[in-house]
Structure formats: C-alpha cells, structure tokens
Amino acid sequence: MLILGIDPGTLILGYSLLDTDGPQPRIVAMDVLYLKKIPEFNLRIRRIFESTLRLIDSFHPDHLAIEAPFFGKNVQSMLKLGRAQGVAIAAAISRDLSITEYEPSVIKQHITGNGNASKQQVATMLQSILQFDQTPTYLDATDALAVAYTCHLQMTTPLADLRSQLAPKKKTRKSAKQQWTDFLNQNPERIK
C-alpha cells in the first residue's frame, strides 16, 4: 500500500508518500509545499487542492492519512487550517481515495510514546525507525511522514488503536462559570 501523508497548513504544507509493501516501510517522497509567497489566502487554498491532485495523479497512492486541525486559542488560524485540510481531503475524494484523519496527540503517541512530543522529537524518532539521513529544513515534512507512518501502524498492528486509547488523557478543568452553566443546562427546572 502507498500512503499519502499530509500535515495541512496555509503557509507550509507537509507531504510524504510511504510505501508499506515490503518488510520495512520505504519513503517514496517527503517535502513541503511552500505557500508563504502567495499573498491571497484563496490562491493558497487553490494551490493546495491542485498540488494534492498532482501528487495523487503522479504517485497513485491507495490512501490519504491527514492530520486533524488542533483546537488552539486563535479561532481564525484554526478555521484557515481547517480549510487547508478540507481542500486536501476534497482532492482525495475526487480521486476516490480512502481517507483517515488523526489527532496530533495520537500521531505523537504512536511515533514517540508521548502525546506531547515536540516536532523535533517526532522527526528524530522517525529517522531512527525509517533510517533516513537528513532531517528536512521544515519539520512539516516529517510531520506528514508521521501521519503516514501512524496510518501504517494502525492498519498493520492490531493493538495500535488500543495503545492510543490507553494513553493518559490530558485533564481539563472547567471554570466555575462553565460548571455553573453546565449545571443550569442539566437542571432547567431549577431556573425560575
């Protein structure tokens, strides 16, 4: 199976192609689509769509593995990232590829054993696993490789899903205001 991995971005989009047919997965391609010089956002999105189609038509992958947008504090950045992911998925759908989406923490957990690992830690671990010499200039490329490799692990390792489910979850504490809002929503009869 040939897996196209994409780390979506509106300024730098990472991509990789991972051939998993042999005893050891082999990197076919790993690079970035550099979009910073394109001033208009809509033209960047168009370039992502066209470039994803070009990758699919050139290499004929069997599957697209893509990183899900993470929920950050900057809503505008998150929306733009979601659009970048959406057009890459649309390109894959137009070529009838199967698609799997992975949360960043799940990818990091599969590659390093730590769901909070840095980009550099992910790249270093992938170098060790897949035996490539040079770390790319932009770690978005190795992030895309991490997505593809996570997909490979999930498809070939029966316990891969279980391992990510058993990983410690990050605990979030609700504010007093959110706790009160939840209480009111769960008990509407108490509001007079």
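Five strands form an open sheet in the order 3-2-1-4-5, with mixed pairing. The model is predicted. Mean pLDDT for the protein is 86. Beyond the sheet, this briefing covers a helix pair and an aromatic pair.

**The sheet**
- Strand 3 (26-34) and strand 5 (98-102) stand at the edges.
- Each of these two has a single partner strand, so one side of each is left without a neighbour in the sheet.
- On average, neighbouring strands are turned by 20 degrees against each other, direction ignored.
- Strand 4 (residues 63-67) pairs with strand 5 in the parallel sense. Five bridges join the two strands.
- Leu64 stands opposite Ile99, a residue of strand 5.

**Helix 3 against helix 5**
- Helix 3 (residues 104-112) packs with helix 5 (residues 140-156) at an angle of about 75 degrees. Their axes are 9 Å apart.
- Angles of 65 to 115 degrees count as roughly perpendicular, so helix 3 is roughly perpendicular to helix 5.
- Helix 3 makes the contact through Ile107, His110 and Ile111.
- Helix 5 contributes Ala146, Val147, Tyr149, Thr150, Leu153 and Gln154.
- By class, the contact has six nonpolar and three polar residues.

**The aromatic pair**
- How many aromatic pairs does a search of the whole structure find? The search finds one.
- Tyr34 and Tyr138 form the pair, with 5.8 Å centre to centre.
- The angle between the planes is 40 degrees, and the pair is tilted.
- Tyr34 lies in strand 3, while Tyr138 lies in the loop between helix 4 (119-130) and helix 5.
- The pair links distant parts of the chain, 104 residues apart.

**Confidence**
- Of the protein's residues, 82% reach a pLDDT of 70 or more.
- Where is confidence highest, and where is it lowest? Strand 1 (residues 2-7) is highest, at a mean of 97. Helix 6 (residues 160-166) is lowest, at a mean of 51.

How values were computed: Residues numbered from 1 in each chain as written. Predicted model: local features only at pLDDT ≥ 70, side-chain atom pairs only at ≥ 80, totals over all residues. Heavy atoms only, no water. pLDDT = per-residue confidence, 0-100. Helix = DSSP H or I, 4+ residues; strand = E, 2+ residues; numbered from the N terminus. Pairing = 2+ DSSP bridges. Axes fitted to C-alpha atoms, helices over the stretch in contact; angles between N-to-C directions. Parallel < 35°, antiparallel > 145°, perpendicular 65-115°, else oblique. Contact = heavy atoms within 4.5 Å. Nonpolar A, V, L, I, M, F, W, Y, C, P; charged D, E, K, R; others polar. Phe/Tyr/Trp six-rings, centres within 6.5 Å; stacked < 30°, edge-to-face > 60°.
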